[in-house]
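Here is a short report for a reader meeting this structure for the first time. Look at the sequence and the model, then read on.

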Amino acid sequence: MSDETPAPPTAARPYKKPLPEPMTASRPFWDAAREHRLLLQRSRKTGKYLFYPRGVSPFATDDELEWVEASGRGTVYSYTLARRPTAPQWGDDCPYAIAIIELEEGPHMTANLVDCDLDAVKIGMPVVATYSDVTPEVTLVNFRPVAT
Amino acid sequence: MSLRGKSAIVGIAEFKPMRYTEGATTLGMLAEVARDAIADAGFELGEIDGICVEGFAEAPFEAPATIVEYLGLDVKFAEIVDLGGASGAGMVVRAAAAISAGLCETVVCTTATRRERRTTEGPKRSASAGFSGRRVDRTPVTEFDAPYGAIGANYGYAMIANRYMYEYGVKPETLAKIAVAQRYNACHNPDALFFGQPITIEDVLNSPVIVDPLHLLEIVMPVAGAAAVVVTSARKAKKLKKPAAYVLGAGGHTTHRSITFAPSLTTTAIKGSADQAFAMAGIRRRDIDVASIYDCYTITVLLTIEDAGFAKKGRGGAFIDEHNLQFDGDFPLNPHGGQLSFGQAGAAGGMSHVTEAARQVMGRARGRQVKKCEFAFVNGNGGIMSDQASLILGRNS
């Protein structure tokens, strides 16, 4: 996972890592990810963007949330390089990068940094969303450095 | 309404941390350590009219009732406290509040974690599965963090440490000093897991990096154990005519579950919790004689020193460099060894900061007793800087 987008799983090599179980409120996010698009919710009242998707606004009781397409651009807010696996399913992946990405629209999300030189990862580094089709049903949103 | 001086810790019990249990039940451990704490207070079972307990997997429903029945208690106040590592301190906050409000007079607060060796049948089962003991976790954490390997706590504290280094900077040697001082303390505590095993700053920095930038010796070792305290009214505590640790201040603060959504990685919820406790107690930071600070990682201690107000934001590293953190130093920190060197037995590890602070204030800490210990500050931290609970304990009401 650290150096390149993983090859899709096969019957001989099934995907064993935990998968998201979409909830009613988050299904549009995961559906869009399968189409390699990044959707966020936005508050009608405050204009603030929101991640993760929710059924109610955390900004005000009389607020409503709408779905909007995000740019996919962001920066590394913080990260760690896992030298030992954080869970057994990642045992063959070390080292790999887990990062909190600050999206251009404001919200933070956790993802892996892929297609990158791990020694060059820095806080503040510009990144862009990239989509990992880990199973036929699930696409994870990851990030890679913006080519310079 | 203030809780100041209205209740006190009068009984303490704690199991020596152990790497593994063999066939123990969490219920049995919770009950035994609670019974020991009640006996330590000199109370009969019939004098207990309240209980605080953590959720545990063996009792997915009605955990307080399960232990009440097992111990033969009859209570007016039965509470489950689900604040992760802050549960121990949080139980004392709730016990003090219930006593102060007249709901009950004497509350036993009990925590325990068993830990069986992995068997060939599969991975070990978690001994403590949180609120209501539910094993099936289906929350935003499992949906949006776990698929990326953001599992457990190590990665989150590593991201906090990296962000702190980016915003304020701290030398690895400074963080290592925390682990070394606590190991010194543990070498004066025969009950500590790492008793008799001193370490140096070089040992810490030469230990393997687990999650960049955290080294192995900056990370707690999970163990099995149990800890309990008895909290009673000040009126009843004074009748006992033996040392008590009065609850002078209490606070709590919760802002997030996943570190992804923490309002800040470097200014934590500890600030609100500690400020509330100090304001209630009406004492200054420099009045504190011993700091019993949750230390799942060295970075946790640095952030707590700042956010609890012992040092200004960004000055925690300098504070650590300038002070001697040993129990016999000028800023005694976690005299029992902290969880880094005493051992982290789940919520009982968090409770160890309460038991140690109470012991110090009562003058019962033997070979690691802090001299002239009038006031102790306790901070409990749950999750990844998620749940905070703070206490100020004092020798007098």
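## A sheet in chain A

In this predicted model, chain A holds an open sheet of 3 strands. Their order is E2-E1-E3, and the pairing is antiparallel. Strand E2 (49-50) and strand E3 (65-69) of chain A stand at the edges. Each has a single partner strand, so one side of each lacks a neighbour in the sheet.

Strand E1 (residues 39-43) of chain A pairs with E3(A) over 5 bridges, in the antiparallel sense. One residue pair can be picked out here: A:Leu40 has A:Val68, in E3(A), as its bridge partner.

## Chain A as a whole

What secondary structure does chain A have? It comes to 1 helix and 8 strands. Along the sequence, the pattern reads α-β-β-β-β-β-β-β-β.

Chain A has 148 residues and a radius of gyration of 16 Å. A compact globule with 148 residues would have a value near 15 Å, so chain A agrees with that expectation. The C-alpha trace of chain A spans about 50 × 35 × 25 Å along its principal axes. Of the 148 residues of chain A, 31% count as buried.

## Where the chains touch

The contact between the chains takes 28 residues from chain A and 28 residues from chain B. On the side of chain B, three elements each supply at least two residues: helix H4 (140-144), helix H5 (154-167) and strand E5 (209-211). Which of them gives the most? That is H5(B), with 7 residues.

The side of chain B that touches chain A can also be sorted by class. It has 17 nonpolar, 6 polar and 5 charged residues.

## Two helices packed in chain B

Helix H3 (residues 87-100) of chain B packs against helix H13 (residues 346-362) of chain B. The angle is about 60°, and the axes lie 6 Å apart. That angle makes H3(B) oblique to H13(B).

Which residues meet? From H3(B) come B:Ser87, B:Gly88, B:Ala89 and B:Val92. From H13(B) come B:Ala347, B:Gly350, B:Met351, B:His353 and B:Val354. By class, the contact of H3(B) with H13(B) has 5 nonpolar residues, 4 polar residues and no charged residues.

Terms used
Residues numbered from 1 in each chain as written. Chains lettered and ligands numbered in written order. Predicted model: local features only at pLDDT ≥ 70, side-chain atom pairs only at ≥ 80, totals over all residues. Contact = placed C-beta atoms within 7 Å. Helix = DSSP H or I, 4+ residues; strand = E, 2+ residues; numbered from the N terminus. Nonpolar A, V, L, I, M, F, W, Y, C, P; charged D, E, K, R; others polar. Axes fitted to C-alpha atoms, helices over the stretch in contact; angles between N-to-C directions. Parallel < 35°, antiparallel > 145°, perpendicular 65-115°, else oblique. Pairing = 2+ DSSP bridges. Rg over C-alpha atoms; globule rule 2.2 N^0.38 Å. Buried ≥ 20, exposed ≤ 12 C-beta atoms within 10 Å, placed from the backbone.
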